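Thanks for coming. I have one model to go through, so please bring it up on the screen and follow along.

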Amino acid sequence: MNSIAVDSTEARRTAGVTFAASLSFQDIRHGYHGKETIRGVSLTAKAGEVLCLLGPSGSGKTTLLRIAAGIEVQSSGRLLMNEREVAGSSGFVPPEKRGIGLMFQDFALFPHMNVLDNVRFGLTALPPKEATAEAMIALERVGLAHYAEKYPHALSGGEQQRVALARALAPRPGVLLMDEPFSGLDSRLKDTIRADTLAILRETRATAVVVTHDAEEAMRMADRIALLRDGRLVQVGTSDDLYRRPTDLFTAAFFSEINEFSSIVRDGQVETPLGKTRVSGIGEGCPVSVAIRLSGVVVREEGGEIPARILSRRFLGVVELLELAVPGTERPVRSRIRADVLAPGCKEVTVTVNSQDIFVFVKRAETS
Ligand SMILES: Nc1ncnc2c1ncn2[C@@H]1O[C@H](COP(=O)(O)OP(=O)(O)OP(=O)(O)O)[C@@H](O)[C@H]1O
């Protein structure tokens, strides 16, 4: 579903004024055929913020969006917009009365309608003149007013995406829900369209909930990121919070490539083949997972702390990816360094680890 159905009484209200709304999931649970796929999610998108729902395939991102839209009804828990319950024990507000805009990944425009009519689609309850004026405002907002008479097939992928954004924003929804909105675009176009979209969201001050499985995309767009795994919230915060202060191994590994080691806390320290590091707040003898970012494994020909031998080098342009044999581990240690640091043919090197790239987590059964 890629359109916005509009009820006549509500349409005037949502089309007339832009009021960014807050959207709260309160202990939402949901499942299919007896299997729980959303397991108690509580999360609020604040009015005017861009909140990214991030997670691997099957973590429940789309299901949460569908529940927010009212296309899916949760098994339990409450959904609130601006503190008002729109799905829960007190009743259910249908999708077209929630003041929510939808933009899904295929952003399918109607091929038989011109651009203006595509954008007017969600405004049918307004008098025709007003609907046209609102649609033109939305098209101007995305810089495509001059394409009003064109048909979708005559537009590039990026332009079609902007028309879809105009269509979603035209009724001035309190909350805009976007499911992988850039996944259909080629990677070079994606960066530009994403930046443009973000600028438009900022301008309209819309609350946006954006689903993505791409950590970098979430970091580029979000005010805050909610990381999901197996239907549960793992961590919510700014990109800085999640990147620099991951609360578990899953978050650390989702935001950057890591080397992972098992260790045990002894004398307030943990030891791995890459050296010792101090830990606080974890008890003596506690089994831990140690995550070390690839970019934190600094490789030099000499002067480092640990001897290593290069097993493989992969040139990636600005950086190169190394696999190293290091005493004390059978598994190769990986490193990502600037491509001009090591001489060609160099085999014997040394390694030092940046302390800010080491993360220690208490080992849990599921991460062992
Ligand atoms: N209609 C359905 N019937 C049965 N199971 C479903 C249905 N929709 C979703 N699921 C299951 O619910 C879980 C969460 O799916 P969801 O699509 O929300 O995940 P996602 O994080 O959006 O994944 P993706 O990134 O692959 O779209 C998955 O295990 C999925 O198989």
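I'll begin with an open sheet of three strands, ordered β12-β15-β21, with antiparallel pairing. At its edges are β12 (258-264) and β21 (358-362), each of which pairs on one side only. On average, neighbouring strands here are turned by 25 degrees against each other, direction ignored. Those angles run from 0 to 180 degrees between N-to-C directions, with axes as lines fitted to C-alpha atoms, for helices over the stretch in contact. Two strands count as paired if DSSP finds at least two bridges between them. Strands (E, at least two residues) and helices (H or I, at least four) are DSSP runs, numbered from the N terminus.

Strand β15, residues 287-293, pairs with β21 in the antiparallel sense over five bridges. In that pairing, V288 stands opposite V362 of β21.

Before going on, the conventions. This is a predicted model: local features need pLDDT of at least 70, side-chain atom pairs count only at pLDDT 80 or more, and totals for chains, interfaces and linings use all residues. Residues are numbered from 1 along each chain as its sequence is written.

Now the domains. The protein chain is assigned domain 1 (8-244) and domain 2 (257-367), with bounds from an automatic or database domain assignment. Taken over C-alpha atoms, their centres are 40 Å apart.

Next, the ligand. Which residues are around the ligand? They are Y32, T37, G55, S57, G58, S59, G60, K61, T62, T63 and H213. Near here is a C-beta atom, placed from the backbone, within 6 Å of the molecule. By class, this shell has one nonpolar, nine polar and one charged residues. Nonpolar covers Ala, Val, Leu, Ile, Met, Phe, Trp, Tyr, Cys and Pro; charged covers Asp, Glu, Lys and Arg; the others, Gly among them, are polar.

Helix α2, residues 61-69, gives the most to the shell, with three residues. Eight of the nine residues of α2 are buried. Buried means 20 or more other C-beta atoms within 10 Å of the residue's own, exposed 12 or fewer, partly exposed in between, with C-beta atoms placed from the backbone. Just after α2, G70 has a positive phi of about 90 degrees.

Most residues other than glycine have a negative phi. H33, in the loop between β1 (23-32) and β2 (35-45), has phi near 50 degrees. H33 counts as exposed because it has 5 C-beta neighbours inside 10 Å. E180, in the loop between β8 (175-179) and α6 (187-204), has phi near 45 degrees. E180 is buried, because 20 other C-beta atoms lie within 10 Å.
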